[in-house]
Amino acid sequence: MSDLPLASAFTVFSDQDSGCLSYGVENGGRRWFVKKATTAPARLSLIRATQFHAAVQHPAIVRPEQILNSPDGPVLIYPWQDGSILNDATTYGSDRAALTRFQQLPLPDVKAAITRILDAHEAVAAAGHVAVDLYDGCFLYDFDARQMWLIDLDEYRPGPVLDADRLPGSRRYMAPEEFVRGAVIDQRTTVYTLGRTIWHLLDSPHGWRGTPAQARLATHATRAAPGDRHPDVAHLVTAWRATLTTSDTPARL
């Protein structure tokens with residue numbers, strides 16, 4: 001499987017602002033997704049990704065099956081996963097057509113996808129890692145199988161102190177402390193990002209589709225002060241699961 005040349009790719013993802021070159025290739029009767037660095041920051045990101053995947057496993061997280069060493073850093077080889085990225089972001093802009101389509105699915109499918117994302121982050125938290133740069137570009141949804149996958153979690157890391165002016169990520173999902181050098185980045189930061197995930201995925205072109213209980217939960221999770229949020233991911237997941245058993249009708253916000 002080590003011979004997966006770019007020249008054999010059936011698709012190439014070269015316009016990414018991550019500094020990585022990625023492509024799909026067939027080998028041994030299977031399809032693979034190959035990711036390699038083209039810049040020094042991307043090399044550090046892929047080194048971080050190898051550490052993350054060594055520490056965290058969950059069925060929703062697409063993990064590399066092989067990691068090769070190269071002069072430019074690790075080359076990560078993932079099994080190819082069918083689906084549509086909800087936010088196909090490139091250097092030319094963002095295409096959220098798949099997000100709009102997702103937001104109009106039957107509510108049970110949407111809530112099942114959110115539950116899968118939250119469950120995966122219980123595993124992330126249990127392994128001592130925090131979510132960094134999680135946004136809808138990390139959500140790969142298979143509309144045929146009705147299955148959510150998490151990809152490109154390269155910036156996930158152990159906390160707890162921010163040693164830069166800000167963390168990478170989309171402002172639509174980031175907690176206030178992610179912009180403060182020296183701030184504590186812990187599970188409460190992940191809670192905020194997951195709260196924003198709930199807001200975005202239960203939103204739609206026609207308005208909010210969640211229940212009042214889910215709106216209250218997302219509001220709690222995304223409070224500005226970390227101490228005012230759910231104390232950790234496990235508490236957030238428990239609270240989310242409780243909303244699935246209530247009889248609240250969807251709220252229009």
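Two strands pair if DSSP finds at least two bridges between them. Strands (E, at least two residues) and helices (H or I, at least four) are DSSP runs numbered from the N terminus. The model is predicted, so local features need pLDDT of at least 70, side-chain atom pairs count only at pLDDT 80 or more, and totals for chains, interfaces and linings use all residues. Residues are numbered from 1 along each chain as its sequence is written, and side-chain values use heavy atoms, with hydrogens and water left out.

**Exercise 1.** Determine the strand order of the sheet and its edge strands.

*Solution.* 
1. The open sheet has 5 strands in the order β1-β2-β3-β5-β4, with antiparallel pairing.
2. β1 (11-13) and β4 (66-70) each pair on one side only, and are the edge strands.
3. Neighbouring strands are turned by 20 degrees against each other on average, direction ignored.
4. Antiparallel β1 and β2 (residues 20-27) are joined by 3 bridges; Thr11 has Gly24 of β2 as its bridge partner.

**Exercise 2.** Describe the packing of α4 and α5.

*Solution.* 
1. The axes of α4 (residues 187-202) and α5 (residues 212-221) come within 8 Å and cross at roughly 145 degrees.
2. The contact (heavy atoms within 4.5 Å) includes Trp199 of α4 and Leu217 of α5.
3. By class, this contact has 9 nonpolar, 3 polar and no charged residues; Gly counts as polar, and Ala, Leu and Trp as nonpolar.

How values were computed. Axes are lines fitted to C-alpha atoms, for helices over the stretch in contact, and angles run from 0 to 180 degrees between N-to-C directions.
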